[in-house]
Amino acid sequence: MTRALLLALLFPANLAAQTPADQLIPQVSHAVALPGTWHLPDTLRVVINRPAAAPVVGLLREILPRPVVAGARNPNLRLQVGSGPASNESYTLRISEHGAEISAPSISGLRWGAQTLRQLIADTDAGMIGAMEIRDAPRFGWRGAMLDVGRHFFPASDILRWIDVMARYKLNVFHWHLTEDQGWRLAINTYPRLTSVGGWRTEVDGSRSGGFYTQAEVRRVVAYAAMRGVTVVPEIEMPGHARAALAAYPALGCTGAQLSVPPTWGVFEDVLCPTEPTFRFLEAVLTEVLALFPSEYIHIGGDEVPKARWRACALCQATVVREGLGDDEGLQRWFTARIADFLGKHHRRMIGWDEILNGGAPKGAVVQAWQGSDRIAVALKAGADVIASPAEWVYINRSARELPLERILRFDPRAGTDDSLRVLGGEAPLWTENVISPANVEMMLFPRLIGFAETMWRGPAELGEFQRRLTPEQRRLESSGIAFGPAAADLPGIALRYDSTANLLSASLVNPLPGVVIRSTSSGQARLHPDGMVPLSDTGMVTLQLVRGDSRIRDAHRITIVSHLARGKPVVLANPPEMQYPGTGAHTLTDGAQGSDYHDGLWNGWLGHDLDARIDLGQMTTVHSVALSLLEEVRSWIVYPSAVRVELSDDGTTWRAAGGETLGLPVTLDGRSLRTVTITIPAGGSARWIRVVATNGGTLPAWHPGAGNASWIFADEVIVR
């Protein structure tokens, strides 16, 4: 068998490799070359056969790089819409020396034909397109991308740009994750505090961040997407992931306690309390949502709902008994069914993450399977329609090193299913805990979302062949300002290294991409470092930020450089730190750098063990104080030590007590802070060796999601003065 025949069998569109359609993304179902060439005119003169096709003329005006005139004599572009079912997205595109014709049974198909023509025109340098006939149709009706704007907010103008790119590659659902613990992003007139309070949070460093979309902005996004054939599906999370709503309206919670909008990630115990006032609130919110979003589908989340507050709530437990629900899972099932019933009365269908299967999803609900590919089969067995979003295949918030383009290109939502017709299609979610800017979003989306679009429209693809088609498309998108990330590697990052010989800490750019540089800011002065190297020699605070133009990439590194007696001195650790937290190496505790977040590369971490560090000052030295720089991030299992003690030695063998402190700090689930514990040495303290011991805080408490597991100690500097 020849290689050409093998490729033709694997990828049928390659049978027409001689046509310009060979470059299209996604590949078309069928293309055949015809005699002749179309010399593109300066102006496209469009004629339509029915008024229903008129919106596509407006779309062509927006997406084609030359003037488009409607209803003109001597047309060179014809749009023919039939009377077929509105859900039929197939189309036929014919190009001859006289012009082009797009025909389809529905306006949906016309739009996709217009996008195909857009790519063909963009791909010609000489203004000529070879004659051909393309017949095309999607494999799946649901071809979606989800964006979380709750963790980080992105302006509506950027949402519009991304929807345009989605439509270019024939994705047809934009799932807008509008509410989260960390922010409520949709203006609701009936409950203005949802955005005035719930739309903003105070970060750990004291800064304020947030934002929300006005209803006018939402209408603009919905209309812009509709012109491109993209349905906007809103997600209003309930009953969990609702801390922002509870911060705005505490009475919606089971305790009524005043809560803040959290700046940390994770799963929070406080959720909506399933009482009649809560349902009145939700129905009022959803009434406004339905007026803004004409989508048949409304997503209500339903994932990751802790039940501790419900178990302790007398009203909740009375409902369990009164309704015969059996347990707290039954209570969530009842909650979800009430919302599904409300939506059904308004002729809408509910979507929920696959946790709504626990105890049985409401009849007619669509399940978005995310926890694994096996959940697709579970949902099908339960009789539900399914949107396939298994995290191991399509969660593009994972780095491209973990989830490369090649793997996404192999994704098949129907693989291994018996009831494949109930698999509506697939969706690629982008959660934004660690995605902080529009350029950062784009580097996570592209090129992988384009590969996902290929699999949803045409089916699995081979990496090399796909990259051949992707290369010119990437150049075009990048020239329009869209940022691309890597296909199989981590995003650019900042690595911190300490040179003990030079006693110098430095930062360097790793995994570089064009246009991404380090920006350092100290004493109010900002400086770019195109060479990717930043020496950190001055004392004081310096902020290191990856930027692409004016857009930040990833969280900033905020580092305080301190000079002290132990800086650069060797350290012996009785218990080595865990391998995943090596800090800057052997001198992490004496490199002179204090960090701000355990991801910044400056910290050593010990799981279930004490920190026991012995520092050699090199000679007998008078010591006045020893300070240990610590971090707390309780949701990440990092807690402060229970005690810190200091010992001195002249020879490194015989030790004498020099002071200590019992911390006894309360541990709360939202605890997140930095702390420096300073031990004052009695007058006359002199030593060559210093020993610092921090006693592990023990196992995590019963109320913690990791209850009973060992906790971490994190430290980044021992400061000796």
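**Salt bridges and a covered helix**

Guide: In this predicted model, Arg309 and Asp270 join side chains in a salt bridge, at 2.9 Å from N to O.

Visitor: Where do Arg309 and Asp270 lie?

Guide: Arg309 is in helix H9 (residues 308–311), and Asp270 is in the loop between H7 and helix H8 (276–292), so the pair ties together parts that are 39 residues apart in sequence.

Visitor: Is Asp270 buried or exposed?

Guide: Asp270 counts as buried, at 10% relative accessibility. Arg309 is partly exposed, with a relative accessible area of 28%.

Visitor: How many salt bridges are there in the whole structure?

Guide: A search of the whole structure turns up 41 salt bridges.

Visitor: What does Arg476 pair with?

Guide: Arg476 makes a salt bridge with Asp123, and their closest N and O atoms are 3.5 Å apart.

Visitor: Which parts does that pair tie together?

Guide: Arg476 belongs to helix H17 (residues 463–479), while Asp123 sits in the loop between helix H3 (107–122) and strand E7 (128–136), so the bridge ties together parts that are 353 residues apart in sequence.

Visitor: Next one. Which residue forms a salt bridge with Asp670?

Guide: Arg243 does, with 3.2 Å between the closest N and O atoms. Asp670 lies in the loop between strand E33 (656–662) and strand E34 (672–680), and Arg243 lies in helix H7 (residues 243–248), so this pair ties together parts that are 427 residues apart in sequence.

Visitor: Is Arg243 buried or exposed?

Guide: Arg243 counts as buried, with 3% relative accessibility.

Visitor: Which residues are linked in a network of salt bridges?

Guide: Asp22, Glu454, Glu465, Arg468 and Arg469 are linked that way.

Visitor: Changing topic: how many residues of helix H15 are buried?

Guide: Seven of the eight residues in H15 (residues 438–445) are buried, so the helix is mostly covered.

Visitor: Which ones?

Guide: The buried residues in H15 are Ala439, Asn440, Val441, Glu442, Met443, Met444 and Leu445.

Notes:
Residues numbered from 1 in each chain as written. Predicted model: local features only at pLDDT ≥ 70, side-chain atom pairs only at ≥ 80, totals over all residues. Heavy atoms only, no water. Buried < 20%, exposed > 50% of the residue type's maximum accessible area, 1.4 Å probe, protein only. Helix = DSSP H or I, 4+ residues; strand = E, 2+ residues; numbered from the N terminus. Salt bridge = Lys/Arg side-chain N within 4 Å of Asp/Glu carboxyl O.
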